[in-house]
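Dear colleague,

I am passing on the structure below, together with an account of what was found in it. Please read the text alongside the coordinates when you have a moment.

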Amino acid sequence: MTQETALLSTSPVTGEMNAPVRKVFVKTYGCQMNVYDSDRMSDALSRDGYVATDVLEEADFVLLNTCHIREKAAEKVYSELGRLRELKKEKAREGREMLIGVAGCVAQAEGNEILRRAPAVDLVIGPQTYHRLPEALKRARTGERVVETEYAIEDKFDYLPAPDKAKTRSRGVTAFLTVQEGCDKFCTFCVVPYTRGAEVSRPVAQIIAEAEKLVEAGVREITLLGQNVNAWHGVGADEREWGLGDLLRRLGEVEGLARLRYTTSHPRDMDDSLIEAHRSMAKLMPYLHLPVQSGSDRILKAMNRRHTAAEYLALVERIRTAQPDLALSGDFIVGFPGETEADFEDTLRLVEAVNYAQAFSFKYSTRPGTPGAELKDQVPEDVKAKRLERLQALLTKQQRGFAEACVGREIDVLLEKPGRLPGQLVGRSPWLQPVNVDAKASQIGDIIKVRITKAGPNSLFAEMIEEPRARSLTA
């Protein structure tokens, strides 16, 4: 008896046999948007009877949702596919079916090449066509090897089902919500315009409806996502062209929603309305991820960033004037082609001037198909490694200093999940830091007042000084 037959169930209403229950295992690589996409793909599959599982060996369908932003991303996927091929063979010997799919940016970039190099793969689907996943999977189950990477004419969000309340609750009290996809900036190091396409903004009504459903299911904090999220624009209910600041203000009116965040932003799209939202909106957390990549104007120009170091610093000053309590995060690439020691020193000076609370830094790696891959004067690996070590030492010092400055402060914390120790919960500070505090499991989803008592390497520790405030929820 196959697993599929064993899982046939009987309807309690009609007494008839329902379709077999199938299980899907999704492995997510990369950014927050991929996490969001994985959830939405699971939601789409649930309509066809697929149930999510965390146990790979149980899965009838394994889906790798891939990221192409880092070096050797595709090779890591092929390595994983090699391991899955052996599991698929083992299941076949037992008379059990297991289909394998590849989604996300590697799928978009590689397409048919994946089928050629990995014969065990049954379907390949891009990030702009994953609403077609259920139909593609049906075709794959007939033996067809499916590739769906053409950019869809239709709006995929119109075709994706909303997750039910129970599923949303199971994912926690915080949620991602994609509002914008793609990028028109064409930085010379970046594959996003080629794998995610041109900038597209979701309509206001669609975003508000999804946010309201999340809050109805118990979500307290929403992070708006976009490859270039502050380029979002749309027509509001007042028939006026809105920017991200307007959208945030409208979302702030959703009853029961306590906190808002957004990521990732481009310095060129930080307009006055968005900066004003940081000044006037209590629900908008005082945290901003604003990548700069380099402190050298010469390298910024080669990267096609379309801003200078001075313009970036002036922008940071404007934002901090509007919101003095702001914590800033950034991205840095060291060793871009042609980067000299003087260019790198410019980056260190910019970091010193800004004083980041968090940051992500990487050695430059060529991305096939991007202009940067064709540039001459590549920086030797050992030089890149030494520069990255110096930069990370400075960034770590700043992050540690920011955390230590929190000790003794009284802040609000949104409790999210159980901690490592009995009787402990973990929440997030307004600046996105994990905060450990003794509290009851029933308080998950509450916002409590705490006093920070200690700063650890990657999190804060606190004591509760005020009972949770009442929640206004419709769930």
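**Helix packing, sheets and cysteines**

Ala309, Tyr312, Leu313 and Arg320 in helix 13 meet Leu350, Ala353 and Val354 in helix 14, where contact means heavy atoms within 4.5 Å, and where helices (H or I, at least four residues) and strands (E, at least two) are DSSP runs numbered from the N terminus. By class, this contact of helix 13 with helix 14 brings together 6 nonpolar, no polar and 1 charged residues; Ala, Val, Leu, Ile, Met, Phe, Trp, Tyr, Cys and Pro count as nonpolar, Asp, Glu, Lys and Arg as charged, and the others, Gly among them, as polar.

Before going further, please note that this is a predicted model, in which local features need pLDDT of at least 70 and side-chain atom pairs count only at pLDDT 80 or more, while totals for chains, interfaces and linings use all residues. Residues are numbered from 1 along each chain as its sequence is written, and side-chain values use heavy atoms, with hydrogens and water left out.

Helix 13 (residues 309–322) and helix 14 (residues 341–354) pack at an angle of about 10 degrees, with their axes 11 Å apart; axes are lines fitted to C-alpha atoms, for helices over the stretch in contact, and angles run from 0 to 180 degrees between N-to-C directions. Helix 13 is therefore roughly parallel to helix 14, a term used for angles under 35 degrees, as against over 145 for roughly antiparallel, 65 to 115 for roughly perpendicular and oblique for the rest.

Helix 13 also packs against helix 11 (residues 272–280), the two axes coming within 7 Å and crossing at roughly 40 degrees. Here Asp272, Ile275 and Arg279 in helix 11 meet Leu315, Arg318, Ile319 and Ala322 in helix 13, a contact that has 4 nonpolar, no polar and 3 charged residues. Leu315 counts as buried at 7% relative accessibility, since buried means under 20% relative accessible area, exposed over 50% and partly exposed in between (1.4 Å probe, protein chains only). Leaving aside neighbours within four places in sequence, Leu315 is in contact with Pro267, Met270, Ile275 and Leu290, and the C-alpha atoms of Leu315 and Met270, which are 45 residues apart along the chain, are separated by 8.1 Å.

Helix 10 (residues 244–251) is mostly covered, with 6 of its 8 residues buried. Those buried residues pack against several elements, including helix 9 (204–216), strand 13 (259–263) and helix 11.

Turning to the sheets, 3 strands form an open sheet in the order 14-15-16 with parallel pairing, where two strands pair if DSSP finds at least two bridges between them. The edge strands are strand 14 (287–289) and strand 16 (358–363), each pairing on one side only. Strand 14 is joined to strand 15 (residues 327–334) by 3 bridges, and Leu288 has Leu328 as its bridge partner in strand 15. Elsewhere, 5 strands close into a barrel in the order 17-18-19-21-20, with mixed pairing; neighbouring strands of this sheet are turned by 55 degrees against each other on average, direction ignored.

Finally, the structure holds 0 disulfides, a disulfide being a pair of cysteine sulfur atoms within 2.5 Å. Cys67 is in no disulfide, and the nearest cysteine sulfur, that of Cys31, is 5.7 Å away. The sulfur of Cys190 is 6.2 Å from the closest cysteine sulfur, in Cys187, which is too far for a bond.

With best regards
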